[in-house]
Amino acid sequence: MWVLTNRKPEHRRGKVQLIDATKWFEPLRKNLGKKNCKLSDSDIIRICETFLAFEETEESKIFPNGAFGYRKVTVERPLRLRGVETGKVSAKELKALKETAERDEGAPPVTRKIHKSVAPDPLRGLFETTIDGKPVVVEYEPDTDLRDTEQVPLLEDGGVDAFLEREVLPYAPDAWYDPAGVKLGYEISFAREFYKPQPLRSLEEIRADILALEQETEGLIGEIVGGVKV
């Protein structure tokens, strides 16, 4: 059940309240199709009181709006083709190379654009390199087979840059993203926010189960062997 309004009172503005009412119900005396329970009057009152109280409890959690937001970022990696040296490749040549040349992780990246008066910014796809003995800034042709996406929380300290530097660049130092292609989304997962891990079984309980299983197995083997005539 969603309670939505654009006229929130001051203490609720910029916040979202989640209420876990999955345990507040009473069983039906007779199932109605797949329906086997209902909200009693007391359950409804409890939900309303929890909503109006707007307090943190085991069943009620309060978050800032941004806690559920994320930026969907497309992460690119450069195309590397065997036999292609550093330098700009025309669109026609690139199309032919993609159809004939094999991908090679050890080959230099394929350059699609050269800049003369742009500052390098590797995280945004502007790489500093040397072509014909001159330092230049280039854009590489992305490899669609290596393209990936990351969901960066809106509340991530340092934003997209910090996230990629920590989670992506240590494993793919040639990766980059296009800020213009970043998309904003929201996702609310009640299961994640109200998940309660089950306590682990004690070593004594596990040991007892193993011993019982061993005894049961030995008994089965005895029955099988005992029934075999030699």
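**A guided tour, starting at a pocket**

Begin at the second largest pocket, which holds about 210 Å³ of space; a pocket here is an open set of points on a 1 Å grid over the protein atoms alone, where a 1.4 Å probe fits, with protein on both sides within 12 Å along at least five of seven lines. Its volume is the space filled by probe spheres set on the points, which are joined across faces, edges and corners. The structure is a predicted model, in which local features need pLDDT of at least 70 and side-chain atom pairs count only at pLDDT 80 or more, while totals for chains, interfaces and linings use all residues. Residues are numbered from 1 along each chain as its sequence is written, and side-chain values use heavy atoms, with hydrogens and water left out.

**Select the lining of the second largest pocket**

To display this lining (residues with an atom within 4 Å of a point), select Arg77, Pro78, Arg80, Arg103, Asp104, Glu105, Asp143, Asp145, Leu146, Pro173 and Asp174. Colouring them by class shows three nonpolar, no polar and eight charged residues, where Ala, Val, Leu, Ile, Met, Phe, Trp, Tyr, Cys and Pro count as nonpolar, Asp, Glu, Lys and Arg as charged, and the others, Gly among them, as polar.

**Move to the largest pocket**

Next comes the largest pocket, with about 700 Å³ of space. It is lined by 22 residues, and those nearest its centre are Met1, Trp2, Val3, Gln17 and Phe51. The elements that give two or more residues to this lining are strand 1 (15-19) and helix 1 (41-53); helices (H or I, at least four residues) and strands (E, at least two) are DSSP runs, numbered from the N terminus. Strand 1 gives the most, with five residues. By class, the lining of the largest pocket divides into 17 nonpolar, two polar and three charged residues.

**Follow the chain to Phe54**

Although Phe54 is not a glycine, it has a positive phi of about 50 degrees. Is Phe54 buried or exposed? Phe54 counts as buried because its relative accessibility is 11%, the cut-offs being under 20% relative accessible area for buried, over 50% for exposed and partly exposed in between, with a 1.4 Å probe and protein chains only.

Tyr177 is in strand 10 (residues 176-177), and it counts as buried because its relative accessibility is 5%. Leaving aside residues up to four places away in sequence, Tyr177 touches Val73, Thr74, Leu123, Arg124, Val160, Asp161, Leu164 and Val182, contact meaning heavy atoms within 4.5 Å. A distance line drawn from Tyr177 back to Glu105 gives a C-alpha separation of 20 Å, for two residues 72 apart along the chain.

Thr129 sits in strand 7 (residues 127-131). With residues up to four places away in sequence again set aside, its contacts are Lys134, Pro135, Val136, Val138 and Tyr140. Between Thr129 and Ile114, 15 residues apart along the chain, the C-alpha atoms are separated by 10.0 Å.

**Zoom out to the whole chain**

Along its principal axes, the C-alpha trace spans about 85 × 80 × 40 Å. Of the 230 residues of the chain, 27% count as buried. Among contacts between residues at least 6 apart in sequence, 69% join residues at least 24 apart.
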